Amino acid sequence: MSKHPQLKDIKNRNRIIIAGGLFLSMIFILTAIISIYLVRQNAEKEWSEQLERITLSLSEHSTQTFFSANTALDNIVELIEFAKVENKKSYQTFTATEKSFQFLQQKLKENPILDVATFIAADGKVLNFSRSYPPPDIDLSDRDYFKWLSSNNDKNTFYSEPVKNKGNGKWVFYLAKRINNSQNQFLGVVLIGISAEVFSDFYKKMGSHLGDGISISLYRNDYTLMTRWPFVDDLVGQKNMSSATKIIISDRKLKHGFLVTDMPRFTTNNPSEPRMVASRVVNNYPFITTVTIPEAVYAPPIFVDFGWILGLLIFGLGFLFVCITYLLRANNLILLELSERIAAETELGNAKNKLETLAYTDSVTGFPNRTMLVEKLDRSILECKAKKMHCAILFIDLDNFKALNDQFGHDRGDLLLQKVAKQLMECVRRHDLVTRFGGDEFVLLLTHLDTEIKEAIETVNLIAIKILNKLSETYYLDGIEYRSSASIGISLFGMDESDPEKIIKEADIAMYQAKMDGKNSFRLFNDDLQKAFDSNTNLIEKLKIAINKKQFTFFYQPQFDQSLNIVGAEALIRWEVSDGIEVLPDIFIPAAEKNGLINDLGKLVIENAAIQLHEWSKLPKLNEMSLSINISAKQIQQREFLSILVRYLKEHLADFTKLRLELTESIFISNFDEVTTVLAAIKSYGIKLSLDDFGTGYSSLSYLRKLPIDELKIDKFFIDEISEELTSRSLIVTIISLAKSMGIKITAEGVETKEQEKFLRQNDCDLYQGYLYCKPLPINEFIEFVNNWKSLPDSIPSK
């Protein structure tokens, strides 16, 4: 090859390097500009996501409140329908009695959100009034609800504009229904009122932690403001005709609305106040909730970030200049070396490639086969000794490959192998080797790793992680979508004497350990791996013996109500394998689940609970206490679980109503309807159900209405972060409020500080459990603790 073409190539390459440098410089500058812009955009995005969660909570609260009020209103209407009044006189006679007054009062006692209930005659006169009997002389014929219902034969609930109570100055809005006789003649109106404070107090809890200038509002579909927080007396009952509110309220087809605007505000009518406005429809009711966030909260000044961005830009441009200079200097030598290599490979390539293709190449993937791997491995072992470095073998087995072949045929299986081989090449370095070992197995030879074993392991781990991520992507195989995964075993070798077959075997053993641990993972072979395998086998054998011989003990941690009276306890299983040596539940319970022993272990827990409940029934201070036990998802899925539970409770004469089963949210991952049926059957015996570690798992808040749950236990993770995390505090407030609206009790577990207790009490948490009060105790110490317990005044912070 002549020198002239090489010089021409060098000049062309230099031009490319210079052009690339200029292009990258432009990219750096543009990136810096975009970064400054994105600081603000990211802040807006984070707030928009948070506002979506907040409006969901507001909508859920409003739905529950209106549902509860409508239920009370329907009950009152049903009373009149049951009386079968046929004319105005009989209607007035029936509703004006003291017995009807007492009925209205009873409805208000049953539902604390209600403010007033009233019977109204066809002429607008008050016939009966829940606040006093006989009723005052009041004419309500000028009210919006009376005008509408007296003129329109509408059987739906009418939601009034808010009205200010002249006596106490509080705002109330009314729900009203028309009363007809059997000929649809108008007899009068039934009316109930809800105080606006029911909503504004909840809004304060939701919004007071978010920042200054935030407001939360409830609007009727005609833009009428029903209530808001912070409360503005002059605005309640007014129609908000601002453009931003119209945009959101007018489109009720959207479940959730969101916009960033500087349109005029309802409170100030000032167009120069940028803000976020988020809304959500109150399901099944003519209302919408909105949250407004001022710009000062969601988008703080961005220029404080400009300095470090400019610094990074200058550093990047300087580093780029140095790199380009180095490349221009080194390019001549590199290009010359490549030209000589190409010339040599061209002369030998054709004949040599034909032979190597037959002897060293896999016919399906076109990649090197087992023969080439062994040869390369032999050379790598010698090279490791000479250069005092490390190499590694990665044994890769595709998970569930047989199922693909069986279901879709070997053609698609071969296509998957080809795609996997190409992806593996993308995950390794230039000098590494990718081979198909056979079947669904690939073996990678990683050479030129670090001389230090720690650094070599880190490099191999990074490559293994990259492979797992790559192989978990979706494959498209002749018209089907297929998701795969792999298990990887790693054998590291270096300066010691090594045998190729031994190295491959070690990687194979590590791969099988990865499969045993759940697939889609990797394991590094070492002496500890064998020891861990032996140790796990030994643990399972000991666990079988311990279950058969009932070699477990139980500890009990008391639970306290708001007055710090002990009302129950949680039973915690312990396993001491020898004197002073204890295996933690976090170790032996997962082992029992994985090896099919959890049902037998669960029977011991249920039997112990039945025995203790019977014994406690004989003790004065324990006979009213409940006992909670933890139940595995696999136990619930067992067909005979309910019959076993009932049999043990009956055999030991235990009170069913004192037992509480604590379930984790993992039981709802699949077969939701089937699990709900089982739980309903358990509830039919009077047994209580508690959802443990709530907020960390899989359940949706919307599922709670379908579940026969008596109690939610807030996970200790959120309790620990009460003093530090605003998100955790807001989530706890939301959980408590929604649970209260559904009649579900709340238990906080892991309470360890006075600050945590104070926050929980201020937000009306029902039950408390944790080291602040008492650690788990053996049965005798627990009974002694209960008998000696007295509430301590200084342990109850003021609300």
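Trainee: What makes the contact between Glu-615 and Lys-618 a salt bridge?

Mentor: Bear in mind that this is a predicted model. The rule asks for a side-chain nitrogen of Lys or Arg within 4 Å of a carboxyl oxygen of Asp or Glu. For Glu-615 and Lys-618 the N to O distance is 3.9 Å. That value is within 4 Å, so the pair counts as a salt bridge.

Trainee: How do you know whether Glu-615 and Lys-618 are buried, partly exposed or exposed?

Mentor: Buried means under 20% relative accessible area, exposed means over 50%, and partly exposed is in between. Glu-615 has 37%, so it is partly exposed. Lys-618 has 54%, so it is exposed.

Trainee: Why is the contact of Asp-517 with Lys-594 called a salt bridge?

Mentor: The closest N and O atoms of Asp-517 and Lys-594 are 3.9 Å apart. The limit is 4 Å, and therefore the pair qualifies. Asp-517 sits in the loop between α13 and β18 (522-524), while Lys-594 belongs to helix α15. They are 77 residues apart, and the pair links distant parts of the chain.

Trainee: Why is Asp-399 called buried?

Mentor: Its relative accessible area is 2%, and buried means under 20%, so Asp-399 is buried.

Trainee: How many salt bridges does the rule give?

Mentor: The count is 31. Salt bridges also link Glu-570, Glu-662, Lys-713 and Glu-749 in a network.

Trainee: What makes Phe-23, Leu-24 and Ile-27 a nonpolar patch?

Mentor: Patch members need over 30% relative accessible area and no salt bridge, with nonpolar side chains joined within 5 Å. Phe-23 has a relative accessible area of 53%, which is over 30%, so it passes the area test. The value is also over 50%, so Phe-23 counts as exposed. Phe-23 is found in helix α1 (residues 3-83). Together, Phe-23, Leu-24 and Ile-27 have about 270 Å² of accessible area.

Trainee: What makes Lys-388 and Leu-564 stand out in their backbone?

Mentor: Most residues other than glycine have a negative phi. Lys-388 has a positive phi of about 55° although it is not a glycine. Leu-564 is also not a glycine, and its phi is near 60°, a positive value. Lys-388 lies in the loop between α9 (370-387) and β12, and Leu-564 in the loop between β19 (553-560) and β20.

Trainee: Are Lys-388 and Leu-564 buried or exposed?

Mentor: Lys-388 has 53%, which is over 50%, so it is exposed. Leu-564 has 1%, which is under 20%, so it is buried.

Trainee: Which residues does a cis peptide bond join?

Mentor: Another joins Trp-229 and Pro-230, with omega about 0°. Pro-134 lies in the loop between β2 (126-129) and α4 (144-151). Pro-230 lies in the loop between β8 (225-229) and α6 (243-250).

Trainee: What lines the largest pocket, and what is its volume?

Mentor: The volume is about 1,100 Å³. The lining has 35 residues, and Leu-572, Pro-585, Asp-586, Ile-589 and Asn-630 lie nearest the centre. Elements giving two or more residues to this lining include β20 (566-578) and α15 (585-594). By class the lining has 15 nonpolar, 10 polar and 10 charged residues.

Trainee: What about the second largest pocket: which element gives the largest share of its lining?

Mentor: That is α5, with five residues. The pocket holds about 590 Å³ of space and is lined by 21 residues. His-61, Ile-113, Val-198, Lys-740 and Ser-741 lie nearest its centre.

Key
Residues numbered from 1 in each chain as written. Predicted model: local features only at pLDDT ≥ 70, side-chain atom pairs only at ≥ 80, totals over all residues. Heavy atoms only, no water. Patch = residues over 30% accessible without salt bridge, like charges linked within 9 Å, V, L, I, M, F, W, Y side chains within 5 Å. Areas by Shrake-Rupley, 256 points an atom, 1.4 Å probe, with all protein chains shown as cover. Helix = DSSP H or I, 4+ residues; strand = E, 2+ residues; numbered from the N terminus. Buried < 20%, exposed > 50% of the residue type's maximum accessible area, 1.4 Å probe, protein only. 1 Å grid on protein atoms, 1.4 Å probe; cavity = no way out; pocket = protein on both sides within 12 Å on 5 of 7 lines; lining within 4 Å. Points joined across faces, edges and corners; volume = space filled by probe spheres on them. Nonpolar A, V, L, I, M, F, W, Y, C, P; charged D, E, K, R; others polar.
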